[in-house]
Amino acid sequence: AWVMDGEGHALSMVPASQLGAMTAAITKALPNPPPFRTTGESKTIAGLSCRIYRGSLTAIVVEACITQELASLHRFQALLGTPPEIPGIPLEMIITVQEPGKERVTITQRVLRVTAGPVDQKMFVPPTTPSAPSGKR
């Protein structure tokens, strides 16, 4: 499900049961992912430190900020799409596609908050009617 906020940001919600299939589809579409190398840079996202890695192919540049501070989640590394040579969990992924003669498209996924504890199941129920950005109907 996609939900758009009043500022025009889209939020995607994917059931955990579908993450594996989604990762498989991406792997099939991109059978040879770009090799990732550390940039030597780091930053803090949602209170966690992460190291920045970058990889590129002809028209695609991927930048990922990977943390090792969530050791209990490392077993989900493959499910989250983190390349095996980069141990950790992605807190941010920026994918930029620039095909010749086409408009550049940038997709950013970023963790906003990390909390521990039970999760209310209502959190996984999408709204019945997504709202349009304010002023745009």
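Val119 is found in the segment after strand E7 (105-110), where strands are DSSP runs of E with at least two residues, helices are runs of H or I with at least four, and both are numbered from the N terminus. At 43% relative accessibility, Val119 counts as partly exposed, since buried means under 20% relative accessible area, exposed over 50%, and partly exposed in between (1.4 Å probe, protein chains only). Together with Met123 and Phe124, Val119 makes a nonpolar surface patch of about 330 Å². Such patches are made of residues with over 30% relative accessible area and no salt bridge, with like charges joined within 9 Å and nonpolar side chains (Val, Leu, Ile, Met, Phe, Trp, Tyr) within 5 Å. Accessible areas come from the Shrake-Rupley method with a 1.4 Å probe, and for residues only the protein chains shown count as cover.

The model is predicted, so to speak of local features requires pLDDT of at least 70, and side-chain atom pairs count only at pLDDT 80 or more, while totals for chains, interfaces and linings use all residues. Residues are numbered from 1 along each chain as its sequence is written, and side-chain values use heavy atoms, with hydrogens and water left out.

Turning to the overall fold, the secondary structure comes to 1 helix and 7 strands, which run β-β-α-β-β-β-β-β from the N terminus on. Of the 137 residues in the protein, 20% are buried. The protein exposes about 10100 Å², and carbon and sulfur atoms supply 58% of this area. Among contacts (heavy atoms within 4.5 Å) with a separation of 6 or more, 35% are between residues 24 or more positions apart.

In soluble globular proteins, nonpolar side chains tend to be buried together. Here the largest nonpolar core has 8 residues in all: Ile45, Leu48, Cys50, Ile52, Cys65, Leu70, Ile89 and Leu91. A core of this kind is a set of buried Ala, Val, Leu, Ile, Met, Phe, Trp, Tyr and Cys residues joined through side-chain atoms within 4.5 Å. Strand E4 (48-56) and strand E6 (89-97) are the elements that give two or more residues to this core, and E4 supplies the largest share, 3 residues. A second, separate core of 6 residues includes Tyr53, Val62, Ile66 and Ile86. Within the largest core, Cys50 is a handy residue to look at. Leaving aside its neighbours within four places in sequence, Cys50 is in contact with Glu41, Ser42, Lys43, Ile45, Cys65, Ile66, Thr67 and Leu91.

Thr67, one of the contacts of Cys50, lies in strand E5 and counts as buried at 0% relative accessibility. A polar atom of the Thr67 side chain lies 3.0 Å from the backbone nitrogen of Glu69. Glu69 itself lies in the loop between E5 and E6 and is partly exposed at 44% relative accessibility. Not counting residues up to four places away in sequence, Glu69 touches Leu48 and Ser49. The side chains of Glu69 and Ser49 make a polar contact (2.4 Å), the term covering a pair of N or O atoms within 3.5 Å; within protein, one must be able to donate a hydrogen and the other to accept it, and residues adjacent in sequence count only if both atoms are side-chain atoms. Glu69 and Ile89 are 20 residues apart in sequence and 8.4 Å apart in space, C-alpha to C-alpha.

Side chains of opposite charge can pair when their charged atoms come close. A search of the whole structure finds 4 salt bridges, each being a side-chain nitrogen of Lys or Arg within 4 Å of a carboxyl oxygen of Asp or Glu. Lys43 forms one of them with Glu92, the closest N and O atoms being 2.6 Å apart. Lys43 lies in strand E3 (residues 37-45) and Glu92 in strand E6, so the pair ties together parts that are 49 residues apart in sequence. Lys43 is partly exposed at 31% relative accessibility, whereas Glu92 is buried at 4%. Another salt bridge links Glu63 and Arg54, with the closest N and O atoms 2.4 Å apart. Glu63 lies in strand E5 (residues 60-67) and is buried, with a relative accessible area of 19%, while Arg54 is partly exposed at 36%. Lys102 forms a salt bridge with Glu99, the closest N and O atoms being 4.0 Å apart. Finally, salt bridges that share partners join Lys43, Glu92 and Arg110 into one network.
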